[in-house]
Amino acid sequence: KILNMCYIPAMCWVVFLCLEHLLSRSHLEPKLPHTMTQFYIEMLTVFLSKGTNSKEANGNTENRLLNKHREEIQGLCNLARKGLQESKSVFYLRDLLSEKVTDFASSYGFLTTFEVKTIDQNQENGHAFVHLTLQEFLAALHQMIDSTVTDQMLKRRFYLKSKWTSKNDMKNEFTDAVHIFLSGLASKGCKQFLGILSSKNEVWVQNKQKAILQNLRKLATTNLTGPK
């Protein structure tokens, strides 16, 4: 499964980062992620672990880091969601939510900064996530940890295509990858992770996951169609 993911350049990079982190921190054989979502969750902890002793890092350390940077991660997720809704992958100073979130994202490697020449020949700093898939993962994470996104809103926003898209279909604000990440975040293994970042109890997290699972069950009984 891991080898199959490496045929996609972006996933190959993510897999490498995660395996390097997991294999360097213990002499014992680590438990490896097996899905895209698990790898991106691991990548999040890898980025947060910068500056810590990788050999001393463990599950408790990672949970402490998530708790410590919860507010910044939530802000970053909100930026990712806002960008996808506006079909935007490059952000400027006016787009960024706060200096604290920007400094955090740049320091830990979530955002890259580069110069952009504007239409009037001025130069302005642009910011972008290190890869679009990271923006998609964080946008999906926003839907699962933000208290303003209700279960009903989540059900309306979440769908996986059961048919080929036609020109007349209403454009969805999120990409297919976001919905795949949402499916992954609905798994039982993500409860603690979501609970830490949302500061909510287990029941609240389960209700969010239930909204996704209900839509997946509906999809499982849908007749899939091809192009017409």
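E124 is partly exposed, its relative accessible area being 24%; in this classification, buried denotes under 20% relative accessible area, exposed over 50%, and partly exposed the range in between, with a 1.4 Å probe and protein chains only. The structure is a predicted model, in which local features need pLDDT of at least 70 and side-chain atom pairs count only at pLDDT 80 or more, whereas totals for chains, interfaces and linings use all residues. Residues are numbered from 1 along each chain as its sequence is written, and side-chain values use heavy atoms, with hydrogens and water left out.

The side chain of E124 meets that of R94 in a salt bridge, with an N to O distance of 3.1 Å. This pair links distant parts of the chain, since R94 belongs to the loop between α5 and α6 and E124 to strand β2, 30 residues apart. Here a salt bridge is a side-chain nitrogen of Lys or Arg within 4 Å of a carboxyl oxygen of Asp or Glu, and helices (H or I, at least four residues) and strands (E, at least two) are DSSP runs numbered from the N terminus. R94 itself is exposed, at 63% relative accessible area.

Strand β2, which contains E124, spans residues 123-129 and pairs with strand β1 (residues 111-117) in the antiparallel sense over seven bridges. Two strands are taken to pair if DSSP finds at least two bridges between them. Within this arrangement, L111 has F129 of β2 as its bridge partner. The hairpin of β1 and β2 has five residues between the strands, and Q121 in this hairpin takes a positive phi near 70°.

Under the salt-bridge rule, the count comes to seven. One of these is formed by E71 and K100, whose closest N and O atoms are 3.6 Å apart. E71 lies in helix α5 (residues 70-85) and K100 in helix α6 (residues 99-107), so the pair ties together parts that are 29 residues apart in sequence. E71 counts as exposed at 53% relative accessibility, whereas K100 counts as partly exposed at 44%.

K100 also meets E72 in a salt bridge (3.7 Å, N to O). Because E72 lies in helix α5 and K100 in helix α6, this pair ties together parts that are 28 residues apart in sequence. E72 is buried, with a relative accessible area of 11%.
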